[in-house]
Amino acid sequence: MTRESHPTYLLDRTRLHDSHTLDVHRKNDGYRALETILKEGHSPEQVIDLIKNSGLRGRGGAGFPTGLKWSFMPDANKDRRARYLVVNADESEPGTCKDRVLMEEDPHGLIEGILIGCYAMRIRAAYIYVRGEYRFAYDRVAAAIEEARRANLLGKNILGSTFSCEIWMHKGAGAYICGEETGLMESLEGKRGHPRPKPPFPAGFGLWGQPTTVNNVETLFNVPFILDRGAEWYQSMGTENSPGNILIAISGHVERPGVFEVPLGISAREVLEDCAGGVWKGRRLKAWIPGGSSTGFLPASEIGLAMDHESLKNARSMLGTGAMIILDETACTVRSMEILSRFYEHESCGQCSQCREGTQWLTQILHRIENGQGRMEDLDLLSSLASGMAPGKTICALADAAAIPTHSLVRHFRDELEEHVRRGCCPVPSSPGPAAAPPRSPSVEVKA
Ligand SMILES: Cc1cc2nc3c(=O)[nH]c(=O)nc-3n(C[C@H](O)[C@H](O)[C@H](O)COP(=O)(O)O)c2cc1C
């Protein structure tokens with residue numbers, strides 16, 4: 001869905017009938033940017049400069065500047081190795097479902113973004129790593145690739161130019177860790193999706209040890225629009241440091257969950273009220289998560305925050321993937337965190353003890369607090385465990401993904417944690433009663 005009061009572009013084509021077809025796409029300016037670059041002979045460096053000047057930041061979670069990332073690829077004249085673009089379509093962060101909309105409804109927009117990225121980085125092969133559950137999205141993109149190939153928009157000598165490029169697709173098997181860029185590349189190589197230590201970074205040692213750039217679907221989707229309309233146009237939306245529009249997927253206790261296109265910097269309250277119709281059944285807002293489960297809980301009092309990288313960082317949270325999750329007054333934040341923690345425990349690849357053990361311990365402690373067996377010391381134990389897991393203490397940021405919401409729970413919802421301990425049960429009426437025992441029996445019993 002799109003809000004009418006702000007200029008939009010990302011979802012505009014998705015509202016058209018048969019938006020996934022090449023015919024409709026081309027009639028609506030699709031592949032125009034690619035055609036212009038190839039026909040007018042823009043250099044790869046010019047394309048990278050334009051993306052740099054636009055200020056586009058990655059939409060995969062970290063918000064890294066895209067043009068800068070592209071410029072890290074080694075000089076193709078000096079480094080003759082094969083090079084790759086890997087498209088991260090794993091979309092595994094809980095709450096996140098915006099890449100799916102783009103792939104299902106406008107797959108050619110993604111293909112054009114990939115081709116422009118490959119042109120800019122002198123890459124001749126791209127891989128799209130799609131999460132296994134996204135069967136329909138996979139089929140739509142696969143069909144679009146075939147259509148593009150038949151129209152000479154893909155393959156050898158694209159549109160009669162000297163630029164040749166192929167796109168291959170790969171289906172993941174449903175693991176959160178395979179969304180982490182190096183775990184993803186391991187998986188793509190046919191191995192277990194175990195993240196690699198960095199450095200070396202993908203630009204020097206990526207897929208099969210070759211120079212590689214990994215980008216999110218929505219990031220690449222922005223690229224043709226920037227090429228077509230210019231950096232200034234892009235900067236006219238959003239904020240100075242977070243320009244452009246973003247797709248916000250909003251879920252949980254709202255009237256109208258969905259994917260909405262909004263300018264970066266819009267207030268979370270506007271997204272909740274104007275896009276999603278407010279809190280479900282007019283209830284009171286209790287907590288909200290701004291950008292996917294790993295960005296942590298914020299209290300209702302902070303719903304006025306702007307949805308951009310700086311504002312949320314200042315609030316000790318993150319924009320992440322822009323997946324807002326809303327919890328109303330009937331939700332229990334301890335129970336919610338226990339569910340999240342169990343997810344992270346299950347998804348930890350197990351390479352780093354801080355993550356492997358830490359996520360188990362968090363789950364155990366949260367489970368006993370939620371079920372009335374917690375102790376007051378457990379609150380500080382949660383914080384100290386989370387501090388032992390992150391930041392920067394493990395190979396990848398999965399441990400951070402569990403630690404950040406834990407810290408936020410203790411910081412903002414300490415009263416609710418204490419009430420659990422004092423009452424010896426969950427004080428929130430609708431919170432499911434004694435939860436089932438954790439599915440895996442943890443190897444360690446945590447003692448305060
Ligand atoms: C545990 C974990 C899971 C991740 N899952 C995804 C994902 O599903 N999709 C995604 O684009 N990025 C994901 N990321 C971030 C990627 O590692 C990487 O930063 C991103 O794909 C880069 O793209 P961008 O620069 O276009 O944002 C994940 C990171 C971590 C630590």
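Trainee: Is β9 mostly covered or mostly open?
Mentor: β9 is mostly covered, since five of its six residues are buried. Please keep in mind that this is a predicted model.

Trainee: Which strands pair with β9?
Mentor: β5 runs parallel to β9, and four bridges join the two. β7 is also joined to β9 by four bridges, but in the antiparallel sense.

Trainee: What holds paired strands to each other, in general?
Mentor: Strands of a sheet pair through backbone hydrogen bonds, and the pairing may be parallel or antiparallel.

Trainee: What is the strand order in the whole sheet?
Mentor: The order is β6-β5-β9-β7-β8, an open sheet of five strands with mixed pairing. β6 and β8 (298–299) stand at the edges with a single partner strand each, so one side of each has no neighbour in the sheet.

Trainee: How does β8 pair with β7?
Mentor: Two bridges connect β7 and β8, in the antiparallel sense. Tryptophan 288 stands opposite leucine 298 in β8.

Trainee: Let us turn to a single residue. Where does isoleucine 248 lie, and why does it count as buried?
Mentor: Isoleucine 248 lies in strand β5. It counts as buried because it has 26 C-beta neighbours inside 10 Å, and the cut-off for a buried residue is 20 or more.

Trainee: Which residues does isoleucine 248 touch?
Mentor: Leaving aside residues up to four places away in sequence, isoleucine 248 touches Phe260, Val262, Val271, Met307, Gly322 and Met324.

Trainee: Val271 is in that list. Which residues of helix α11 are buried?
Mentor: In α11 (residues 268–275), the buried residues are Ala268, Val271, Leu272 and Cys275. They lie on the same side of α11 because they cover an arc of only 115° around the axis.

Trainee: What covers them?
Mentor: The cover includes β5 (245–252), β6 (258–263), β7 (285–289) and β9 (323–328).

Trainee: Which glycine follows the helix?
Mentor: Glycine 277 follows α11, and its phi is positive, near 75°.

Trainee: Now the wider picture, please. How is the chain divided?
Mentor: The chain is divided into domain 1 (13–235), domain 2 (246–328) and domain 3 (333–423). The centres of domain 2 and domain 3, taken over C-alpha atoms, are separated by 22 Å.

Trainee: How many residues are in contact between domain 2 and domain 3?
Mentor: Ten residues of domain 2 are in contact with eleven residues of domain 3. On the domain 2 side, five of the touching residues are nonpolar, five are polar and none is charged.

Trainee: One last topic, the ligand. How many residues surround it, and which are the closest?
Mentor: The ligand is surrounded by 25 residues, and the closest are Gly58, Gly60, Gly179, Asn216 and Thr219. By class, the shell has nine nonpolar, nine polar and seven charged residues.

Trainee: Which element gives the most to the shell?
Mentor: β4 gives the most, with three residues. β4 (212–216) and α16 (398–412) each supply at least two.

Trainee: Which domains does the shell draw on?
Mentor: Domain 1 and domain 3 each provide at least three residues of the shell around the ligand.

Key:
Residues numbered from 1 in each chain as written. Predicted model: local features only at pLDDT ≥ 70, side-chain atom pairs only at ≥ 80, totals over all residues. Buried ≥ 20, exposed ≤ 12 C-beta atoms within 10 Å, placed from the backbone. Arc of directions from axis to C-beta. Contact = placed C-beta atoms within 7 Å. Pairing = 2+ DSSP bridges. Domains from an automatic or database assignment. Nonpolar A, V, L, I, M, F, W, Y, C, P; charged D, E, K, R; others polar. Near = placed C-beta within 6 Å.
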